[in-house]
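Q: Could you take me through one part of this model up close? I would like to know what meets what, and what the contact is made of.
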Amino acid sequence: MAEFEDVSQKSALHPKPKGLTLQYGTAGFRTTANHLDHVMFRMGLLATLRSKKTKSTIGVMVTASHNPEEDNGVKLIDPMGEMVTPAWEGYATQLANAEQEALCTVLKDIIEKEAVDMSEAASVVIGRDTRPSSENLSRAVLDGVSCLEGHSLDFGLVTTPQLHYMVLCRNTSGCYGTATTQGYYEKLSKAFIELTKNAPKRTDDQKRLLVDGANGIGALKMREMEPFLKSELKVELFNDGSSGRLNYQCGADHVKVQQKPPQGMHMGPGQRCCSFDGDADRIVYYYNDSAGRFHLLDGDKIATLISTYLKELLTQAGLNLQVAVVQTAYANGSSTQYLEHVMKVTVCCTKTGVKHLHHAAQEFDIGVYFEANGHGTVLFSKKAEEQIQQLAKDPNASDEKKHMAKLLESTVNLINQATGDAISDMLLIEAVLAIRGMTVQEWDAIYTDLPNRQLKVKVADRRVIDTTDAERRALTPAGLQDSIDALVKKYKQARAFVRPSGTEDVVRVYAEADTQESVDGLAHQVSLAVYQLAGGVGDEPKPLK
């Protein structure tokens with residue numbers, strides 16, 4: 001076949017370093033940028049096959065999110081804007097690791113296995129973040145697409161969620177929205193302005209929000225969006241990419257892990273602040289209190305604010321739709337308690353990784369999911385959207401119920417249902433706080449987080465740890481779970497679990513308890529148990545100071 005000759009010739013221009021193996025992880029491939037040229041070319045090939053197979057547009061995003069600037073990565077986006085299906089993650093790994101001479105054989109195997117009709121047209125859209133390496137790497141993707149005669153559209157610099165949005169728009173014939181950045185800004189800002197009309201009169205100071213753009217693509221896109229918001233939100237942008245390095249001492253991951261504000265942001269007491277990550281699919285909020293103490297509002301606090309707002313609107317609208325919050329084992333125990341016992345919201349726990357949460361959220365009328373790191377969104381079922389739309393138009397419904405339905409409609413339009421989106425989530429949070437007339441301190445006071453600690457232990461082979469019950473319990477090695485259970489019993493309101501990292505030979509330890517002193521003791525003792533029973537390497541974990 002002529003196209004395979006083309007693949008052979010072109011792939012020689014994107015040679016694979018001998019012996020290099022990479023794994024398609026939760027968020028695709030990620031490594032040092034100079035090891036990725038061959039991977040990008042091959043993901044162009046794979047995206048084209050996936051497009052032919054699904055007869056729809058597939059997305060390829062060139063980004064490494066919160067990783068340092070010298071890294072890069074790539075992930076594929078499936079037809080409804082979700083992450084690519086697990087079987088194709090496997091093909092991605094096979095293709096990336098095939099030595100040069102075996103590439104066409106692996107390609108033919110995938111075509112055969114999936115019965116791909118090579119005469120089908122293919123459409124692939126591409127986006128990239130602001131890393132210096134991203135432009136060349138996206139060219140390699142485009143090379144792969146053209147090799148198999150796919151049609152490509154390069155959106156250039158976009159946030160990851162914007163590309164997910166474009167894919168969803170294109171595959172729903174524009175029903176979800178217009179597949180341009182302008183269409184994205186118009187849809188979100190219109191919904192935001194509709195919602196904030198229902199807020200008590202706000203001062204300029206109440207409309208003010210300090211945003212840390214992580215020196216990444218989110219800052220660039222926030223600047224583009226500002227005129228569309230018509231002064232309903234007054235954004236002060238820090239780490240906008242004009243001088244600092246991407247994700248260096250700034251961004252959502254830095255703030256969450258270090259539990260302190262990003263470099264270069266000047267926060268007054270009680271001032272509302274938030275941080276995006278490098279590709280703008282995560283967000284965390286924070287503020288300093290009057291004593292100068294730092295307070296973080298992470299994904300758990302965001303999920304609680306949004307789900308309680310939705311539940312109240314549904315109750316006032318008289319709509320019998322189930323709201324559920326999907327969490328991982330990392331969710332703070334206080335948030336779970338509050339949602340289940342005070343708000344009477346369904347809570348379900350799933351394995352770590354956005355794709356697991358997204359999938360679980362699809363099971364409910366309205367599924368709210370956020371990882372503690374600030375990556376999340378809300379999914380509305382077809383049934384939920386139809387009931388909301390019908391009520392908004394119902395001539396027999398009371399004015400109040402119709403008004404609530406209209407608020408719900410604008411909320412649906414403000415949310416990017418394809419994936420977690422820092423800009424969309426930020427606008428939703430700002431709208432909810434405005435409508436409720438809430439300060440960031442009042443939001444923070446909904447419940448108090450239990451003190452918690454995350455550690456990691458280096459091991460010879462992370463695969464010795466096998467878990468069950470949404471990663472909350474360890475099945476192997478023998479005796480480890482019994483040790484953890486015995487340690488947890490020594491402390492009040494305590495909980496701990498361990499899980500293998502998805503990317504490196506380390507075991508992640510999470511613990512929470514009633515005081516910071518207790519939780520530090522528990523986390524250290526669990527780390528020791530992992531070190532002793534799961535083949536720890538290097539020095540024994542030291543007690544926390």
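The part I have in mind is the interface of domain 1 and domain 3.

A: First, the ground rules. This is a predicted model, so local features need pLDDT of at least 70 and side-chain atom pairs pLDDT 80 or more, while totals for chains, interfaces and linings use all residues. Residues are numbered from 1 along each chain as its sequence is written, and side-chain values use heavy atoms, without hydrogens or water.

Now the layout. The protein splits into domain 1 (5–157), domain 2 (183–295), domain 3 (300–445) and domain 4 (452–534). These bounds come from an automatic or database domain assignment. The C-alpha centres of domain 1 and domain 3 lie 34 Å apart. Six residues of domain 1 and five residues of domain 3 make the contact (heavy atoms within 4.5 Å).

Next, the area. Together, domain 1 and domain 3 bury about 450 Å². That is the accessible area (1.4 Å probe) that two parts lose on being put together, summed over both. Carbon and sulfur atoms carry 61% of it. On the domain 1 side, Thr26, Gly81 and Met83 lose the most area to domain 3. These residues together give 64% of what that side buries.

What about charges? The rule finds one salt bridge across the interface of domain 1 and domain 3. It asks for a side-chain nitrogen of Lys or Arg within 4 Å of a carboxyl oxygen of Asp or Glu. Lysine 355 forms a salt bridge with glutamate 89. Their closest N and O atoms are 2.9 Å apart.

Polar contacts are counted too. Domain 1 and domain 3 share one residue pair of this kind, both residues at pLDDT 80 or more. The term means a pair of N or O atoms within 3.5 Å; within protein, one must be able to donate a hydrogen and the other to accept it, and residues adjacent in sequence count only if both atoms are side-chain atoms. The side of domain 1 that touches domain 3 holds two nonpolar, two polar and two charged residues. Here Ala, Val, Leu, Ile, Met, Phe, Trp, Tyr, Cys and Pro are nonpolar, Asp, Glu, Lys and Arg charged, and the others, Gly among them, polar.

One last residue. Serine 307 sits in helix 10 (residues 299–317). Serine 307 has 0% relative accessibility, so it counts as buried. Apart from neighbours within four places in sequence, serine 307 touches Val323, Val325, Leu339 and Val368.

Technical notes
Helices (H or I, at least four residues) and strands (E, at least two) are DSSP runs, numbered from the N terminus. Buried means under 20% relative accessible area, exposed over 50%, partly exposed in between (1.4 Å probe, protein chains only).
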